[in-house]
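Me: I'd like to talk through this model with you, piece by piece. Could you keep the answers plain?

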Amino acid sequence: MDDLMDEQLDEQMDRRLAAAGRRWRAEQPAPPAVPVDRLPGSVRRRPRWQPVAVAAAVTLVVGGGTVALVRVTLGSNDAPSERPSSTPVTHGTRVADEVVPFRASRRGHAKVGHRVDGRLVTPYDGIFATGKIGGTLHPGDVLTFTVTLESSARVSLHPCPNYSIGFGTHGITRRLNCAQVPYYASVPRSDGTMSDFRPTLPAQTPVTFAMRVHVPDDLGAQKVLWTLDGPMSEPGFYGIVHVTAG
Amino acid sequence: MAEGGTPTDFAHWVEPSLPILARYAARQVAADDRDDVVQEALIRAWQRWSTYDESRGTPAGWLVAILADRCRRHRTRRPAAVLVELVDHGVAEPSGRDLDLERAVDGLSRRQRQAVDLHYFVGLDVAAVAEVMGCAPGTVKATLFQARARLRELVGDDDG
């Protein structure tokens with residue numbers, strides 16, 4: 001009798017789990033694409049970033065170890081295969097040829113860094129960020145702008161850094177869209193093998209990211225501050241946005 | 001190598017398994033990390049594609065086994081706090097979900113949780129679960145039976 005009861009209860013739980021699984025599967029977003037452009041031996045772009053112009057691979061020697069760096073170039077077929085030696089500078093803002101699309105990723109990791117003599121040191125301290133923020137918008141509008149990151153030395157974007165946007169008294173922290181940065185590097189491990197290709201910010205090469213943020217309800221001139229890896233961190237820049245009633 | 005040999009061939013070969021991989025990753029890591037972990041696993045699978053032997057299992061089973069390894073690495077290299085979901089205004093509250101049961105699943109042993117995730121939530125049959133877990137199908141059935149018994153204890157038999 002007990003066995004029969006157990007069997008019925010087990011079947012009941014089986015059905016309940018199956019139903020929960022079906023509901024959960026139905027809520028799942030679409031799976032990611034196969035990262036064809038990140039497969040070693042391939043430098044193809046993802047289809048949505050077509051058409052592909054040219055991909056170039058260079059090998060750098062850093063600290064006695066070899067770092068394989070792959071750059072995937074975006075743009076039209078007749079675009080130049082390499083960036084011009086002098087990057088255009090507008091209003092003090094350096095803009096890369098390609099813009100990494102916006103992706104609303106939630107912050108991805110705890111604050112990185114360690115203290116040296118009481119001072120917080122992070123992997124991103126050598127990064128210089130520029131951008132231009134401004135305009136007149138209404139509450140609920142979407143403010144769009146770009147952020148260009150550049151460093152004198154190569155900086156790994158793995159883990160992918162967070163950034164914060166302070167809009168007046170409001171703020172949001174997200175993670176950069178590192179998955180679509182068009183540069184990848186593979187570094188040697190201690191055992192002599194090479195790591196997987198990871199998104200990277202190459203030395204002396206600007207990488208521009210698209211940004212989007214909703215305009216909050218506060219009216220008037222609002223300071224919009226962009227900072228990398230936390231609201232109190234550098235690098236960063238700001239601009240003034242005038243928020244007017246709709 | 002199973003078929004072809006170019007990244008595009010690999011993408012075609014992998015594509016039918018992508019929903020399964022995404023589901024498994026979603027059960028193992030924070031939602032925001034799902035795509036990154038799946039893509040890391042696919043890069044790893046590409047590097048090892050030549051070792052795939054179709055006589056030893058399905059592509060999905062082989063790929064999920066690689067993904068399971070990447071998920072483990074992902075969890076160990078990040079602080080636990082990372083897995084805490086933060087505020088996201090773009091995600092609606094789940095509706096109609098059996099939250100009591102889902103919470104109870106978190107209380108299972110690691111092995112039981114893996115079997116339940118793979119079978120009920122990812123949607124693999126017992127043979128494929130056995131392939132991923134590296135055991136016999138009978139062992140999977142026994143693990144699932146034990147997991148269901150434990151879940152009944154955790155949620156109460158009368159809650160169904």
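Me: Which residues of α2(B) are buried?

Reply: In this predicted model, the buried residues of α2(B) are B:Ile20, B:Leu21, B:Ala22, B:Arg23, B:Tyr24, B:Ala25, B:Ala26 and B:Gln28.

Me: Staying in chain B, how do the axes of α6 and α7 cross?

Reply: The axes of helix α6 (residues 110-122) and helix α7 (residues 126-133), both of chain B, come within 9 Å of each other and cross at roughly 140°. Because of that angle, α6(B) counts as oblique to α7(B), and the crossing in which α6(B) passes α7(B) is right-handed.

Me: Which residues meet there?

Reply: From α6(B), the residues B:Gln114, B:Ala115, B:Leu118 and B:His119 meet B:Val126, B:Val129, B:Val132 and B:Met133 of α7(B). The residues of this contact divide into 6 nonpolar and 2 polar, with no charged ones.

Me: Switching to chain A, how many helices and strands are there?

Reply: Chain A has 1 helix and 19 strands. Of its 246 residues, 32% count as buried, and among contacts in chain A between residues at least 6 apart in sequence, 68% join residues at least 24 apart.

Me: What is the strand order in the open sheet of 6 strands?

Reply: In chain A that sheet runs β6-β14-β13-β18-β19-β10, and its pairing is mixed. At the edges stand β6 (105-106) and β10 (134-137) of chain A, each with a single partner strand, so one side of each has no neighbour in the sheet.

Me: In what sense do β13 and β18 pair?

Reply: Strand β13 (residues 162-167) and strand β18 (residues 220-228) of chain A pair in the antiparallel sense over 5 bridges; within that topic, A:Tyr163 has A:Leu228 in β18(A) as its bridge partner.

Me: What about the open sheet of 4 strands, what order does it have?

Reply: That sheet, also described for chain A, has the order β5-β17-β11-β9, with mixed pairing, and its edge strands are β5 (99-100) and β9 (127-131), each of which pairs on one side only.

Me: Over how many bridges do β11 and β17 pair?

Reply: Strand β11 (residues 142-151) and strand β17 (residues 207-214) of chain A pair over 8 bridges in the antiparallel sense, and A:Phe145 stands opposite A:Met211 in β17(A).

How values were computed
Residues numbered from 1 in each chain as written. Chains lettered and ligands numbered in written order. Predicted model: local features only at pLDDT ≥ 70, side-chain atom pairs only at ≥ 80, totals over all residues. Axes fitted to C-alpha atoms, helices over the stretch in contact; angles between N-to-C directions. Helix = DSSP H or I, 4+ residues; strand = E, 2+ residues; numbered from the N terminus. Parallel < 35°, antiparallel > 145°, perpendicular 65-115°, else oblique. Left-handed = near helix turned anticlockwise from the far one by under 90°. Contact = placed C-beta atoms within 7 Å. Nonpolar A, V, L, I, M, F, W, Y, C, P; charged D, E, K, R; others polar. Buried ≥ 20, exposed ≤ 12 C-beta atoms within 10 Å, placed from the backbone. Pairing = 2+ DSSP bridges.
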